[in-house]
Amino acid sequence: MTDISQTNRRLGRFLDTPVAGEVVRAFVPPPLPPEPPIDVLSLLERLSVAERALGRLDGITMLLPRQELFLYMYVRKEAVLSSQIEGTQSTLSDLLRFETEAQAGEPIDDIREVSNYVDAMMFGLERLDELPLSLRLIREMHARLLQSGRGGTKSPGEFRRSQNWIGGSRPGNALFVPPPATELDATLSALEAFMHENQSRLPALIKAGLIHVQFETIHPFLDGNGRIGRLLVTLYLCVHGVLQKPLLYLSLYLKTRRTDYYRLLQEVREHGSWEAWLEFFLDGVAETANQAFDAARRIVDLFKQDRELITAQSERAGSALRIHDLMQQNPYVTSNQLVERTGLSSPTVNAALADLQRLGIVEEVTGRRRGRVFGYRRYLAILSEGTDPLPTA
């Protein structure tokens with residue numbers, strides 16, 4: 001065992017740990033908050049920018065005609081992005097078409113994983129009404145995340161009892177080896193205590209950034225650590241009133257800058273470089289909040305413009321407006337679903353859809369004669385920004 005904590009209290013210790021026939025150096029992080037303390041003064045400008053961006057985002061969501069609709073779609077966008085970081089190839093369109101049953105047959109594993117992530121996220125947000133942000137809540141969310149699909153064999157809802165590693169084909173050539181299973185109780189208990197402490201007087205945004213890295217470093221599950229770790233940021237900010245609605249999700253920022261992200265995580269572990277990570281994190285919060293604000297504003301404008309266009313130019317404005325209203329909630333629909341949900345007759349629905357296609361608001365996406373699926377084109381374009389899958393190696 002090598003102990004380097006005496007030279008710098010921000011650094012952890014390494015434990016020689018036997019794994020799969022070889023001995024590796026597993027890293028055990030020191031408890032939070034870091035010592036020496038975070039240089040908050042050097043982060044104040046970035047902190048202020050991030051907090052202003054979050055305030056602006058909270059403000060526009062109060063003006064949205066349907067807050068729950070924006071949240072519904074934004075949560076799904078985050079689920080797609082967070083899952084893409086872990087290697088899935090699903091797009092937002094795949095998920096939305098699957099959820100509205102516009103695609104028949106069994107969902108592919110990728111879509112099921114994304115759908116599970118939506119379920120875990122919404123479950124965690126609702127559960128906060130009954131439970132504090134805690135290890136128990138984290139385990140319950142993890143159980144929902146891996147409830148079916150490829151994660152079903154990776155101990156859903158249970159902290160690992162064996163050694164894992166990150167990067168490399170085996171433990172011996174891994175980029176990083178998290179703490180041994182024997183150290184999980186102590187490191188996780190310390191993390192949970194930090195979530196609830198007030199003595200450090202650190203701003204909630206700073207604490208959220210610290211909690212994320214510590215969770216990723218502990219890597220307490222066999223699978224799903226990244227997705228739960230990213231979700232923890234939003235849950236923590238909601239609990240502490242920094243966000244009124246859970247609309248901040250960092251996956252697009254981390255997806256586009258994943259090389260920097262992984263490098264900075266490693267620099268915290270190797271050199272205790274917390275301030276460099278926090279600069280990156282706060283920049284990401286500001287950029288992400290501004291993107292969400294911009295998307296919300298453009299969606300509000302789009303709905304207004306399209307309603308005005310339908311009112312002025314549709315030959316069936318009444319029924320077309322009802323379909324437009326429903327497609328704000330379900331950007332992909334079939335004509336049968338519209339008949340069922342609007343109460344309009346099939347000929348009326350089909351005539352209104354033809355009108356909406358003529359106006360360029362709706363497009364048919366399958367090219368089929370039967371079982372056709374209609375998409376709200378420009379709305380989907382705004383929602384889908386940044387959600388193309390990562391290229392495969």
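Predicted model: local features only at pLDDT ≥ 70, side-chain atom pairs only at ≥ 80, totals over all residues.

Let me start with Ile-228, which touches Ile-138, Met-141, His-142, Leu-145 and Phe-215 once residues up to four places away in sequence are set aside, a contact meaning heavy atoms within 4.5 Å. Residues are numbered from 1 along each chain as its sequence is written, and side-chain values use heavy atoms, with hydrogens and water left out.

Ile-228 sits in helix H8, where helices are DSSP runs of H or I with at least four residues, numbered from the N terminus, and strands are runs of E with at least two. Its relative accessibility is 1%, so Ile-228 counts as buried; buried means under 20% relative accessible area, exposed over 50%, and partly exposed in between, with a 1.4 Å probe and protein chains only.

Now to the annotation: the unreviewed UniProt entry lists Ile-228 under "binding site", together with residues including His-219, Asp-223 and Asn-225, and such annotations may be inferred rather than shown by experiment. The same record gives His-219 as "active site". His-219 lies in the loop between H7 and H8, and at 14% relative accessibility it counts as buried; its contacts, again leaving out residues up to four places away in sequence, are Arg-160, Asn-164, Ile-166, Pro-178 and Asn-225. Asp-223 is placed in the loop between helix H7 (204–218) and helix H8 (225–239), but with 23% relative accessibility it counts as partly exposed.

Which elements cover the buried residues of H6? They include strand S3 (22–28), helix H5 (135–145), H7 and H8. The buried residues themselves are Leu-184, Thr-187, Leu-188, Leu-191, Phe-194 and Met-195, and, seen down the axis of H6, they fall within an arc of 115°, so they line one face of the helix, the arc being that of the directions from the helix axis to the C-beta atoms. The face turned away from that buried side carries the exposed residues Asp-185 and Ala-186.

Finally, the domain assignment, whose bounds come from an automatic or database source, gives domain 1 (13–295) and domain 2 (314–384). Their contact takes 13 residues from domain 1 and 15 residues from domain 2.
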